[in-house]
Amino acid sequence: MKKLFLLTILLSLTFIVKAQSFLSLDSCRALALANNKDLLISNEKINAAHYQHKATFTNYLPSFSATGTYMRNQKEFSLLNNDQKAALSGLGTNLAGPLQQAAGIIAQLHPEIASQIPALGASLTSAFNEAGSSLVDALRTDTRNVYAGAITLTQPLYMGGKIRAYNKITKYAEELAQQQHQGGMQEVIMSTDQAYWQVISLVNKKKLAEGYLKLLQQLDSDVEKMIAEGVATKADGLSVRVKVNEAEMTLTKVEDGLSLARMLLCQLCGIDLSSPITLADENMEDIPLLTPETHFDMSTAYANRPEIRSLELATQIYKQKINVTRAEHLPSIALMGNYMVTNPSVFNSFENKFKGMWNVGVMVQIPIWHWGEGIYKTKAAKAEARIAQYQLQDAREKIELQVNQSAFKVKEASKKLVMATKNMEKADENLRYATLGFKEGVIATSNVLEAQTAWLSAQSEKIDAQIDVKLTEIYLKKSLGTLK
């Protein structure tokens, strides 16, 4: 779909460069499809839905995340209180009394070393003080500057079917966007065809109005000569001049309508409104018509209509929403793994080094009691799914009616064209006899004017009938979903 749309844009750019002043129906369609902003928007919606579907699929796969933090603490965490710190720092001093007693006993038992005991006591006191201070320093946590980091792996094992349901929803949403784009393309094609044939209709009516005006001007000239010769009255001349004025007004209205119709077609095709354009079918004396095919199979319409497929997809989406709602109240299981690193580390007492460890676990979350919330939400989702189903059934019925109406209009337009063709033949013959009789002086001016008016009406009805056949064929294809 995307490649086809891009190809259409490239073709339309070629048409813009090379054939902007001469447009066929196909080139108008291509330009309209390439320049329609709604189609460009819907094409981007397809892209968004496509990438959303890809993003949802990644929920099946493990996810990795990294976290880092730094924290400055006002105070340091301490394992010892102040009294314990003071006691350990002065451990040798606190043991001075017992050491002196021990030294006295040793002096009594060994008088020969009594002179060395004071020095030995001082050394022991100093050694014990140093050992206590070292122990206090070893038990410092130094947690004023804390660094931490973690790499986490999470692998969903069971989420109650939520991931699978979301994956299906985004898949249906992508197809829904494509169907809406297809429906938009058919609307643009139909609008373009309507504008195109409206221009063709007005071009032919302009030619008709110009021809009718020439007939009246010729009749006016003939009546003026007859008035001069005394075989016609001034009333006859005034009647003809009134018709000439009416024909001029009609021609002006047709020209204005044609200008507006061309502007509308230019707007649809993305061309500047003031650009002079000529349509390929403008110079055709008679619009070629094919025998309309009014036989149809409703299964074709159901299979091709974007509206039906869109509602079918909407029904599937609402069914999956039931599963999503139900999954929110089912147990969920996930595998988790981490590698954490901290500074200060506590794996070898407290050290100002980055050290870490692995851990692996399984997380289970089980909803226990929510006062029936899950049941109520599931019932609400089921009601929405039934609404979508009813809308689908209603759309099928309306499309069946629309297809039958379109087929009836095609048949009606064909019959009108046959009648308009016969009326045109009769009007031509009537005008020929009236003109000939007027020249021979056996037909009054009013009769000639009536014949010309009837001829104009018949010719206009024939043009309308031909255009109506074209448009009803388009409407039938649109109702069957086969307008490409």
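Four strands make up an open sheet in the order β2-β3-β5-β6, with antiparallel pairing; two strands are taken to pair if DSSP finds at least two bridges between them. From one strand to the next the twist averages 20 degrees, where axes are lines fitted to C-alpha atoms and angles run from 0 to 180 degrees between N-to-C directions.

The structure is a predicted model, in which local features need pLDDT of at least 70 and side-chain atom pairs count only at pLDDT 80 or more, whereas totals for chains, interfaces and linings use all residues. Residues are numbered from 1 along each chain as its sequence is written, and side-chain values use heavy atoms, with hydrogens and water left out.

The chain has 13 helices and six strands, these being DSSP runs numbered from the N terminus (helices H or I, at least four residues; strands E, at least two). Of its 484 residues, 36% count as buried, a term that means under 20% relative accessible area, with exposed meaning over 50% and partly exposed in between (1.4 Å probe, protein chains only). Among the contacts in the chain with a separation of 6 or more, 84% come from residues 24 or more positions apart, a contact being defined by heavy atoms within 4.5 Å.

Within the sheet, strand β3 (residues 145-158) is joined to strand β5 (residues 332-343) by eleven bridges, and the two run antiparallel. Along this pairing, T152 has N338 of β5 as its bridge partner, and Y158 stands opposite I333 in β5. On the other pairing of β5, eleven bridges link this strand to β6 in the antiparallel sense, and I333 stands opposite V364 in β6. Q155 also lies in strand β3 and is buried, with a relative accessible area of 18%. Leaving aside neighbours within four places in sequence, Q155 is in contact with Y60, L61, P62, A334 and L335. By contrast, S349 is placed in the loop between β5 and β6 and is partly exposed, with a relative accessible area of 45%. Although S349 and T141 are 208 residues apart in sequence, their C-alpha atoms are 8.5 Å apart in space.

The largest nonpolar core has 54 residues, and those with the most contacts inside it are Y196, W197, L265 and L279; such a core is a set of buried Ala, Val, Leu, Ile, Met, Phe, Trp, Tyr and Cys residues joined through side-chain atoms within 4.5 Å. Helices α2 (25-35), α8 (162-229), α9 (234-269), α12 (373-440) and α13 (445-480) each supply at least two residues of this core, with α8 giving the most, 19 residues. Not counting residues up to four places away in sequence, Y196 touches L23, S24, L25, C28, L265, L279, A280 and D281. A second, separate core of twelve residues includes A395, A407, L476 and L480. Helix α2 is mostly covered, with nine of its eleven residues buried, namely L25, S27, C28, R29, A30, L31, A32, L33 and A34. In soluble globular proteins, nonpolar side chains tend to be buried together.

Aromatic rings were also examined, where rings of Phe, Tyr and Trp (its six-membered ring) pair if their centres lie within 6.5 Å, and planes under 30 degrees apart count as stacked, over 60 as edge-to-face and the rest as tilted. By this rule the count comes to six aromatic pairs. The rings of W369 and W371 have centres 5.5 Å apart and planes at 70 degrees, so this pair is edge-to-face. W369 counts as exposed at 58% relative accessibility, and W371 is likewise exposed, with a relative accessible area of 70%. One aromatic cluster is formed by Y70, Y147 and F354.

Charged groups also sit over rings, a placement assigned if NZ of Lys or CZ of Arg is within 6 Å of the ring centre and within 35 degrees of the ring normal. The charged end of R396 sits over the ring of Y302, 4.7 Å from its centre, while that of R432 sits over the ring of Y433, 4.8 Å from the ring centre.
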